[in-house]
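The tour goes stop by stop: select, look, move on.

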Amino acid sequence: MSFPARARYLLSFSYIGSPFNASARTSKDIDLTTVIGCLERAFHNKRKKLGIDDISPLVISSRTDRRVHALLNTAHVDFTVEDKCYSANNLLTTVNYYFRKRHLPLRIISIQQVSQDFNARTWAKQRSYLYRIAVPKAHCENEAIPISEVDRCFFLSVSNFNIEAVEEVLSIFPGVHDFSSFSGKPSRALVDRTPIRHVDSCCIRRGNALMPLLYEPSINNFDFWDFIIEGRSFLYRQVRRMVAAAIAVGLGRLSVADVRRSLELSTPIPLSRPVAPAYGLYLAKVTYKKEDLLVNRTTYVNQEYKKLVNLLDEYKLSLKN
């Protein structure tokens with residue numbers, strides 16, 4: 001059986017963000033306080049059992065802050081397959097067992113070979129975020145938070161939450177805007193990035209508790225809501241600031257006009273706490289074009305280019321006739 005001398009692979013993985021300082025690397029060295037650092041350490045420690053070597057640093061598609069969770073994040077990595085014991089199933093089993101033994105809430109979901117020029121970060125077509133909140137029902141404002149939801153959902157302290165107003169303010173976000181007023185102070189590496197972003201969709205819908213009502217009756221004291229925000233890329237803390245503004249509108253602390261003015265004039269949002277807590281946010285999905293995931297993508301692109309050239313030639317001939 002022959003193996004490629006060196007190949008690139010796309011990893012899909014999920015994690016609970018509570019024990020991690022961040023998802024991305026904070027230094028050139030392997031940092032075990034980050035998601036990527038733990039992935040890299042697992043690959044290096046288990047490389048002989050995995051049958052791989054010459055492992056490159058992982059390149060993550062989507063950075064998440066401390067305490068932010070991911071249902072599906074991605075990264076690419078290069079390595080050389082050196083032994084017949086290598087298989088995708090063996091890698092998943094071995095690395096996930098490594099995490100389980102160390103009580104790390106991190107799991108690889110899948111791995112697939114991609115083209116050598118594939119880039120997990122820049123080739124992402126769309127990123128989908130979920131932000132979970134819970135609103136106490138009338139006369140339940142002082143009820144305890146269900147234990148299964150601690151650090152998994154943002155619980156509001158009052159019940160007067162206007163969903164219609166929230167839906168109205170969310171409707172102003174989709175499209176191309178300057179989101180300067182919805183961005184936190186970025187790291188030096190991100191300072192020069194444009195604040196212009198395209199939000200594909202932004203909505204709120206009924207959510208669900210993590211545990212069934214049968215086992216945790218206190219869940220019945222709350223209504224759960226999910227914010228769903230989708231786009232190709234976002235500014236630093238943009239999603240959490242958009243959610244904070246929408247919640248403030250729902251609570252009557254801001255008007256829709258206030259948020260629209262901040263968005264149009266790029267002025268700060270008049271809130272004492274303009275960022276929703278990190279633990280309510282989940283990176284739900286990272287999407288790529290199907291053709292970009294092909295191992296022989298270059299061949300596919302060349303074939304599509306030839307088809308376009310032939311169509312153009314046929315069109316020119318039809319004009320002459």
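Predicted model: local features only at pLDDT ≥ 70, side-chain atom pairs only at ≥ 80, totals over all residues.

Asp151 sits in the loop that joins strand S6 (126-136) to strand S7 (154-155). Check its backbone: phi is positive, about 65°, although Asp151 is not a glycine. Is Asp151 buried, partly exposed or exposed? Its relative accessible area is 26%, so Asp151 counts as partly exposed.

Now select Arg237, in the loop between S10 and H5. Here too the residue is not a glycine, and phi is positive at about 60°. Arg237 has 32% relative accessibility and therefore counts as partly exposed.

**Zoom out**

Show the whole chain as a cartoon. The secondary structure comes to 7 helices and 11 strands. Colour by burial: of the 321 residues, 45% count as buried. Residues 24 or more positions apart account for 74% of them.

**Helix H4 and its cover**

Select residues 163-170, which form helix H4. Which residues of H4 are buried? They are Ile163, Ala165, Val166, Val169 and Leu170. Look down the axis.

Step to the N-terminal end of H4 and pick Asn162. Asn162 caps this end. One of its side-chain oxygens lies 3.1 Å from the backbone nitrogen of Glu164.

**H4 against H5**

The crossing is right-handed. Show side chains at the contact. From H4, select Ala165, Val166, Val169 and Leu170. From H5, select Ala246, Val249 and Gly250, which meet them. By class, this contact has 6 nonpolar residues, 1 polar residue and no charged residues.

**Ala276**

Ala276 belongs to the loop between H6 and strand S11 (281-287). With a relative accessible area of 3%, Ala276 is buried. What does Ala276 touch, not counting residues up to four places away in sequence? Select Tyr131, Arg240, Val243 and Ala244.

**H1 against H3**

Move to another helix pair. Select helix H1 (35-45) and helix H3 (residues 88-101). They pack at an angle of about 120°, with their axes 10 Å apart. This crossing is right-handed. On the H1 side, show Cys38, Leu39, Arg41, Ala42, Phe43 and Asn45. On the H3 side, show Leu91, Val95, Tyr98 and Phe99. Sorted by class, the contact of H1 with H3 has 8 nonpolar, 1 polar and 1 charged residues.

Select Ser23, in the loop between strand S1 (7-15) and H1. Is Ser23 buried or exposed? Its relative accessibility is 0%, so Ser23 counts as buried. Show its contacts, leaving out residues up to four places away in sequence. Ser23 touches Tyr15, Thr34, Val35, Ile36, Ile60, Ser62, Arg63 and Thr64.

Pick out Thr64 from that list. A polar atom of the Ser23 side chain lies 2.7 Å from the backbone nitrogen of Thr64. Thr64 itself is in the loop between strand S3 (59-60) and strand S4 (69-81). At 6% relative accessibility, Thr64 counts as buried.

The side chains of Thr64 and Tyr15 make a polar contact at 2.7 Å. Finish by selecting what Thr64 is in contact with, leaving aside its neighbours within four places in sequence: Tyr15, Ala22, Ser23, Asn73 and Leu283.

Conventions:
Residues numbered from 1 in each chain as written. Heavy atoms only, no water. Buried < 20%, exposed > 50% of the residue type's maximum accessible area, 1.4 Å probe, protein only. Helix = DSSP H or I, 4+ residues; strand = E, 2+ residues; numbered from the N terminus. Polar contact = N/O pair within 3.5 Å; in protein donor to acceptor, adjacent residues only side chain to side chain. Contact = heavy atoms within 4.5 Å. Axes fitted to C-alpha atoms, helices over the stretch in contact; angles between N-to-C directions. Left-handed = near helix turned anticlockwise from the far one by under 90°. Nonpolar A, V, L, I, M, F, W, Y, C, P; charged D, E, K, R; others polar.
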